[in-house]
Amino acid sequence: MHTIVLAAQKGGSGKSTLAVGLALAAKQAGFTVRLIETDPQGTLSNWQRRRTANDVVVEPIYHAADIEPRLKMLADSGLQLAIVDTAAGLSAATTAAIRHSNLCLIPARPSVADIEATASTLSVARAWKRSYSFVLNQTPIRGQRIDNAAGALAEEASLDLAEVLARPLIVMRNDHQDSLASGLAVSEFAPNGKSADEIRGLWRWIAARLELDATINVLIDKVMAAADGMLHVAADLAADETTTLAS
Ligand SMILES: Nc1ncnc2c1ncn2[C@@H]1O[C@H](COP(=O)(O)OP(=O)(O)O)[C@@H](O)[C@H]1O
Ligand SMILES: [Mg+2]
């Protein structure tokens, strides 16, 4: 199971909106999906109450200690994707969710305050050696402001832009607000609109990233196992030599 966490110190950066949008985009791409809500504000639960379809379950988990065992149970049940929406700030539940994720998505609006506020979330993801990406959200359609914000995010992470910034950027459009208000995801509310296109594109970027990370992890495991095997052979050879010399 893949676990994606949406986390950002700043409220209003788009964690809940992106969680819903990505959940439905992933579902439409054939994944089984569960939305986990760790934010007591209850944006996702409220969204589900407005929703008539019962196809994507929102599961509230407000205690940090419940997150890991629940994710494990969901993984054992065969679920393919859990998307965890977190509260603003850095609560114990957010830290636990980041710790048990495969990918931490950090949404930020193109403003200095939002970009500076990514630092604390970034440091938690790094401390637990989790993959992370920024999602630039609520951007204007184009302009210098976006380029500056994208550059500042790369600087914040001291990495190349291509490595840290998810694509495409998500433009500010009413479709996002109207879809949430109607208990829908943007790809259901206006499936042929630009916002739906962007969210589907973002899901494809994330899916490719998860796949790449999984492949790299398998390779690392193989290299470690091979190195371990070689160490054993070397130790056996050294032991043989010692025995021969002693006899
Ligand atoms: N790309 C977007 N375009 C327009 N409005 C957006 C977009 N992303 C989020 N919003 C709106 O911004 C507000 C905050 O978004 P929300 O997802 O609730 O943020 P968070 O969960 O980080 O607090 C909501 O009213 C939401 O509808
Ligand atoms: Mg929220």
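**Exercise 1. Determine in which hand helix H6 passes helix H7, and describe the contact.**

Step 1. H6 passes H7 in a right-handed crossing, that is, with the near helix turned clockwise from the far one by less than a right angle. Helices here are DSSP runs (H or I, at least four residues) and strands are E runs of at least two, numbered from the N terminus. The structure is a predicted model, in which local features need pLDDT of at least 70, side-chain atom pairs count only at pLDDT 80 or more, and totals for chains, interfaces and linings use all residues. Residues are numbered from 1 along each chain as its sequence is written, while chains are lettered from A and ligands numbered from 1 in the order in which they are written.

Step 2. Thr-118, Ala-119 and Leu-122 of H6 meet Leu-153, Glu-156 and Ala-157 of H7 (contact: C-beta atoms, placed from the backbone, within 7 Å).

Step 3. By class, these contact residues are four nonpolar, one polar and one charged (nonpolar: Ala, Val, Leu, Ile, Met, Phe, Trp, Tyr, Cys and Pro; charged: Asp, Glu, Lys and Arg; polar: the others, Gly among them).

**Exercise 2. Characterise the shell around ligand 1.**

Step 1. Gly-14, Lys-15, Ser-16, Thr-17 and Gln-177 come nearest among the 18 residues around the ligand (near: C-beta atom, placed from the backbone, within 6 Å).

Step 2. Helix H1 (15-28), strand E6 (131-139) and helix H9 (174-181) are the elements giving two or more residues to this shell.

Step 3. The shell around ligand 1 divides into 11 polar, five nonpolar and two charged residues.

Terms used:
Two residues are in contact if their C-beta atoms, placed from the backbone, lie within 7 Å.
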